[in-house]
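Hello,

Here is the structure we talked about. Please open it and keep it beside you while you read my notes below.

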Amino acid sequence: MRHARTGSKLGRDSAHRKALYANLAGAVIEHGRSKTTITKAKAVKPIAEQMITLGRRGDIHARRQAIAFLRSKSIVHKLFTEVGPAFAQRPGGYLRITRIGPRQGDAAEMAYLELVDTPLVFKTKLSDAAAAEKQPAAAAVTEELEDADELETEEPENDELESEDPDDDDPEATAAVEEPVAEAGGEPKS
């Protein structure tokens, strides 16, 4: 019986599951955000928060525990130099799960597992600088369109050009148009 055995197995044996947890926790520490299924995010969140708590402690024993679990010295270095000190004043709750809807292929519910100090995925707004950069670009595009409209209106309206066109009453022009139609009609050539 599985008395007091919490957590889901995720369809994996224990070694595969442990590797999955280490990889996802390392990805969150390294990149600040990881896109995964909601079930995996819920399973990894407490483990990744324990790693950040080790990073806050900062002693050699905590570093060795983190290396034993994460298996990457570069990720552990980032954990102890950047992520841990960033959360030094926070008593817990370092990660959040942001649901992003179903996955295209199998409709699995997806989520971002991300550090709380990163901006929300869907609630980020353009900064004033980015908005200011986009406005001149839009003004340049409208300026180009206005210039193109002016060029079109500046074209001379010549009645002479219309008179140079061949007359519709020209018998040779109508004969040239009628010949292909006659051949398409299936009349045999002699």
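Start with helix H3, residues 60-70. Its buried residues are Ala62, Ala66, Phe69 and Leu70. Look down the axis of H3: these buried residues fall within an arc of 85 degrees, so they line one face of the helix. The spacing follows a general rule. An α-helix has 3.6 residues a turn, so residues three or four places apart point the same way.

Now turn to the other side of H3. Ile60, Arg64 and Ala68 are exposed there.

What covers the buried residues of H3? The cover includes helix H1 (14-31), helix H2 (38-57) and helix H4 (73-86). Just after H3 comes Arg71, which takes a positive phi of about 60 degrees.

The protein chain has an average pLDDT of 81, and 64% of the residues score at least 70. Confidence is highest in H3, at a mean of 97. It is lowest in helix H6 (residues 159-164), where the mean is 52. Where pLDDT is low, the predicted coordinates should not be read in detail.

**The strands**

Next, find strand S3, residues 109-115. Six of its seven residues are buried, so S3 is largely enclosed by the rest of the structure.

S3 pairs with two strands. Strand S1 (residues 33-37) pairs with S3 in the antiparallel sense, over five bridges. Thr37 has Met110 in S3 as its bridge partner. Strand S2 (residues 95-102) also pairs with S3 in the antiparallel sense, here over seven bridges. For Arg99, the bridge partner in S3 is Ala111.

S2 and S3 form a hairpin, with six residues between the strands. In this hairpin, Ala107 takes a positive phi near 60 degrees.

**Leu10**

Last, look at the segment before H1. Leu10 is found there. Is Leu10 buried or exposed? Its relative accessibility is 18%, and the cut-off for buried is under 20%, so Leu10 counts as buried.

Which residues does Leu10 touch, leaving aside its neighbours within four places in sequence? Leu10 is in contact with Leu20, Tyr21, Thr39, Lys40 and Ala43. Take Thr39 from that list. Leu10 and Thr39 are 29 residues apart in sequence, and 8.0 Å apart in space, C-alpha to C-alpha.

Best wishes

Definitions and conventions:
Residues are numbered from 1 along each chain as its sequence is written. This is a predicted model: local features need pLDDT of at least 70, side-chain atom pairs count only at pLDDT 80 or more; totals for chains, interfaces and linings use all residues. Side-chain values use heavy atoms; hydrogens and water are left out. Buried means under 20% relative accessible area, exposed over 50%, partly exposed in between (1.4 Å probe, protein chains only). Helices (H or I, at least four residues) and strands (E, at least two) are DSSP runs, numbered from the N terminus. Two strands pair if DSSP finds at least two bridges between them. The arc is that of the directions from the helix axis to the C-beta atoms. Contact means heavy atoms within 4.5 Å. pLDDT is the predictor's confidence in each residue, from 0 to 100.
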